[in-house]
Amino acid sequence: MQPTQLKPFLKWAGGKRKLLPEILKYIPKNYSCYYEPFLGDGEVLLALQPNRYVVNDLNHELINAYNAVKYNVYSLIKYLELFRNTEHEFYAVRALDCHANYSAVDSLARAARIIYLNKTCFNGLYRVNRAGKFNVGYGYRKNVDVVSPDNLTAVGEYLCIADGIITSVDFEDVLKTVIKDSFVYLDPPYDTVANNSFTAYTDCGFGKDDQIRLKLACDRLNHSGIRFLLSNADTPFIRKLYQDYKIEMVQGRRNIAGNPNSRLIVNELLIRNYDVN
Ligand SMILES: C[S@@+](CC[C@H](N)C(=O)[O-])C[C@H]1O[C@@H](n2cnc3c(N)ncnc32)[C@H](O)[C@@H]1O
């Protein structure tokens with residue numbers, strides 16, 4: 001059966017839409033389970049639609065939204081239909097996480113809030129400040145489809161029908177559980193040169209020590225015969241770190257300051273430990 005074409009229900013910094021054709025060239029034909037510890041908007045997961053998946057992201061609000069789509073999509077759609085795309089409503093909804101008892105707010109309401117803010121904010125960027133509070137401004141875009149009910153329902157059906165697990169822990173805790181014959185796609189926050197890269201997905205960032213931690217976890221996967229594909233920035237640090245693996249340089253495109261008319265071609269790396277058959 002031809003799988004339904006699924007689109008991410010959130011727009012995410014570092015999203016892989018433009019690099020997807022390159023990434024798909026390196027996906028092994030057969031694997032028992034698909035792992036993605038740095039999920040973001042799930043572009044690769046939704047393109048592959050594996051029968052068995054373990055996906056994760058340290059951003060708890062993001063994963064709360066995935067669980068709402070998987071287990072409660074019709075109620076989530078009803079919630080989203082209540083929102084109005086106005087500046088006043090945007091800032092009122094954005095301010096909710098500043099309330100002391102925000103964590104007690106119903107998980108469905110929190111999921112609807114994140115999807116609404118992501119769709120109506122500037123450039124669809126998810127960013128938090130050091131206190132972990134969402135701090136992107138209103139986007140002033142009129143024709144925004146906040147709900148997209150057909151795609152949201154289809155994503156919910158796929159996440160439910162497939163044999164899958166969705167978690168929100170550190171990547172190392174996920175990689176410790178990888179089973180034999182699996183395939184792991186790793187898309188961490190990119191290495192930075194002169195702070196030119198975005199890592200403010202969570203309030204703890206992702207520095208050089210985390211890049212080294214991830215590389216050591218890849219060595220353990222390699223040692224156990226587990227295939228991994230990793231994407232990262234083309235920096236001397238990353239090239240040196242993964243010099244023992246197969247490195248491909250590919251070209252991605254960035255919108256400068258959210259302006260789709262001014263694009264920047266950037267080199268990125270796809271790193272793997274297996275031959276493509
Ligand atoms: C480059 S983005 C992933 C983009 C994703 N591939 C997409 O297509 O949207 C990196 C993700 O890693 C998550 N992250 C940051 N630190 C993490 C950690 N220690 N463990 C797991 N996930 C982490 C961030 O929340 C962010 O969503």
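Before I go on, a quick word on what we have here. This is a predicted model, where local features need pLDDT of at least 70 and side-chain atom pairs count only at pLDDT 80 or more, while totals for chains, interfaces and linings use all residues. Residues are numbered from 1 along each chain as its sequence is written, and side-chain values use heavy atoms, with hydrogens and water left out.

A side-chain N or O atom of Trp12 sits 2.8 Å from a ligand oxygen. Lys16 uses its backbone: an N or O atom there is 3.2 Å from an oxygen of the ligand. And Leu58 has a polar backbone atom 3.3 Å from a ligand nitrogen.

Now, helices, which are DSSP runs of H or I with at least four residues, numbered from the N terminus. Let's look at H4, residues 73-80. Its axis and that of H7, residues 149-161, come within 10 Å and cross at roughly 155°. So H4 is roughly antiparallel to H7, a label for angles over 145 degrees. Who touches whom, taking contact as heavy atoms within 4.5 Å? Val73, Tyr74, Leu76, Ile77 and Leu80 in H4 meet Pro149, Leu152, Thr153 and Glu157 in H7. That's seven nonpolar residues, one polar and one charged.

H4 also packs against H6, residues 107-120: the axes come within 9 Å and cross at roughly 55°. That makes H4 oblique to H6, oblique being what's left after under 35 (roughly parallel), over 145 (roughly antiparallel) and 65 to 115 (roughly perpendicular). Here, Ser75, Leu76, Tyr79 and Leu80 of H4 meet Leu108, Ala109, Ala111, Ala112, Ile115 and Tyr116 of H6. This contact has nine nonpolar residues, one polar and no charged ones.

Conventions:
Axes fitted to C-alpha atoms, helices over the stretch in contact; angles between N-to-C directions. Helix = DSSP H or I, 4+ residues; strand = E, 2+ residues; numbered from the N terminus. Contact = heavy atoms within 4.5 Å. Nonpolar A, V, L, I, M, F, W, Y, C, P; charged D, E, K, R; others polar. Polar contact = N/O pair within 3.5 Å; in protein donor to acceptor, adjacent residues only side chain to side chain.
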